[in-house]
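This report looks at a few individual residues and at the surroundings of one ligand. Please keep the sequence and the structure at hand while reading.

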Amino acid sequence: MSIADPRPAIQTSSNNPLETNSNLQTQSDTVTHSKMSNAQAISRETIATLFDLPFMDLLLQAQTIHRQHFKPNEVQISTLLSIKTGNCPEDCGYCSQSGHHRKKTGLQAEKRLAIDKVIAAAKQAKASGSSRFCMGAAWKHPSDQDMPYVVELIREVKALGLETCMTLGMLSEQQSWQLAEAGLDYYNHNLDTSRRYYDEVVSTRSYDDRLDTIAQVRAAGIHVCSGSIVGMGETREDRIDWVYELASMAVPPESIPVNLLVPIRGTPLGDKILSEGQLPVLEWIRTIAVTRICCPTSYVRLSAGRESLSDSEQALAFMAGANSFFYGDKLLTTDNASQSNDDRLMRQLGLIAQPSRPRISQAVMVIDAMTAQRSEVIPPV
Ligand code: SAM
Ligand code: DTB
Ligand code: SF4
């Protein structure tokens with residue numbers, strides 16, 4: 001049995017479906033991706049070749065790989081809530097919540113949302129069929145005074161039987177462990193784009209800051225949710241680099257949101273795209289398909305930007321291997337595709353909601369008998 005790269009060899013010159021099928025056949029003779037070591041990570045050149053495939057060949061490969069790892073018609077559904085809105089000290093060029101753009105966007109900043117309001121929203125999300133509740137805060141990082149608040153939210157939302165996700169900005173090592181100990185299932189921290197394009201997007205933090213927090217979250221045993229925004233004026237090279245960054249991680253993120261930029265008037269990147277024109281939707285779908293092939297065991301999420309898409313465009317995105325989406329009429333500050341439209345679309349496509357699977361393990365303190373050194377570990381589930 002070969003342990004070479006298990007992903008299908010890539011067709012560059014032929015559209016012949018039989019050839020593509022024979023490649024997919026070889027795949028079943030090789031090891032599964034979950035047994036791959038990091039040394040076998042996909043190359044940047046392979047990712048570039050995938051992006052260049054004829055669209056139908058790419059979608060077929062992505063859908064075939066999707067079916068090898070997931071139930072084909074099951075989707076994971078998350079609901080988002082902004083628990084602290086606006087006046088963020090970071091200057092992300094796409095974001096309505098940055099304090100740097102507030103005079104132009106006119107976004108009204110709000111204090112932390114009261115715990116009972118958050119729990120009421122979580123109950124509503126559960127009743128409408130979401131399995132995960134994602135709470136977002138417009139912080140550079142949580143302060144020490146914020147930690148009891150977020151820990152309480154994790155405990156109370158988990159008690160409802162929902163999976164929990166938070167996105168709070170940078171975390172210290174200690175904060176990562178506090179969240180893990182409270183039972184947080186996922187931490188969302190997007191790389192957003194390539195290292196090369198990053199400086200065009202934000203100046204108040206670095207790509208390495210982002211990678212450091214992701215590594216800390218991973219070390220604390222919390223599932224990683226990390227994705228991108230497509231359509232910010234980046235090139236295909238940047239999209240290739242971003243996929244490479246994730247696919248070559250020792251363990252790629254369990255959840256990968258592929259946001260399509262919501263161009264918000266008053267933000268530097270929103271204004272740029274509104275005047276220069278938006279990226280064709282098919283390139284976003286290509287990015288989803290390549291992500292699915294390169295990170296075959298990750299959930300790939302349709303995130304921001306669905307509101308502007310037709311049913312058929314969204315169906316193609318699911319065909320490309322997406323198997324998760326944000327549900328509910330609002331994202332953080334912008335409109336999402338409406339809940340009633342999503343219910344109808346799911347019925348029409350025959351998609352079913354994945355049940356909740358909250359993480360049950362918690363960090364425990366381990367004391368080394370020889371050195372008496374104390375360390376915290378998350379026992380495997
Ligand atoms: N402050 C935290 C942070 O940046 O990690 C959490 C909140 S932040 C709003 C979460 C993510 O939303 C960002 O990383 C970005 O990928 C996405 N996002 C924000 N504004 C967006 C927009 N206009 N269009 C698409 N995605 C957007
Ligand atoms: C992610 O990747 N996308 C979500 C979630 N993670 C936090 C946020 C989308 C925000 C879209 C713009 C807004 O509503 O402000
Ligand atoms: Fe702040 Fe997050 Fe918006 Fe950046 S994306 S300005 S960090 S809320």
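Thr-267 lies in the loop that runs between strand 7 (255-260) and helix 11 (268-276), where helices (H or I, at least four residues) and strands (E, at least two) are DSSP runs numbered from the N terminus. This is a predicted model, in which local features need pLDDT of at least 70 and side-chain atom pairs count only at pLDDT 80 or more, while totals for chains, interfaces and linings use all residues. Residues are numbered from 1 along each chain as its sequence is written, chains are lettered from A and ligands numbered from 1 in the order in which they are written, and side-chain values use heavy atoms, with hydrogens and water left out.

Thr-267 counts as buried because its relative accessibility is 0%; buried means under 20% relative accessible area, exposed over 50%, and partly exposed in between (1.4 Å probe, protein chains only). A polar atom of the Thr-267 side chain lies 2.6 Å from the backbone oxygen of Ile-264. Leaving aside residues up to four places away in sequence, Thr-267 touches Gly-93, Tyr-94, Cys-95, Ser-96, His-101 and Thr-105, contact meaning heavy atoms within 4.5 Å.

Arg-132 belongs to strand 2 (residues 132-137) and is buried, because its relative accessible area is 2%. Its side chain makes a polar contact of 3.3 Å with the side chain of Tyr-186, that is, a pair of N or O atoms within 3.5 Å, where within protein one must be able to donate a hydrogen and the other to accept it, and residues adjacent in sequence count only if both atoms are side-chain atoms. Beyond four places in sequence, the residues that Arg-132 touches include Glu-163, Tyr-186 and Arg-301.

Leu-160 is found in the loop between helix 6 (147-159) and strand 3 (163-167), and it counts as partly exposed because its relative accessibility is 21%. Not counting residues up to four places away in sequence, Leu-160 touches Ile-119, Ala-122, Lys-123 and Lys-126.

Two pairs can be set side by side.

| Pair | Separation in sequence | C-alpha to C-alpha distance |
|---|---|---|
| Thr-267 and Thr-105 | 162 residues | 6.7 Å |
| Leu-160 and Lys-123 | 37 residues | 7.2 Å |

Around ligand 3 are Cys-88, Glu-90, Cys-92, Tyr-94, Cys-95, Ser-98, Ala-138 and Arg-205, each with a heavy atom within 4 Å of it. By class, this shell around ligand 3 has five nonpolar, one polar and two charged residues.

Notes. Nonpolar A, V, L, I, M, F, W, Y, C, P; charged D, E, K, R; others polar.
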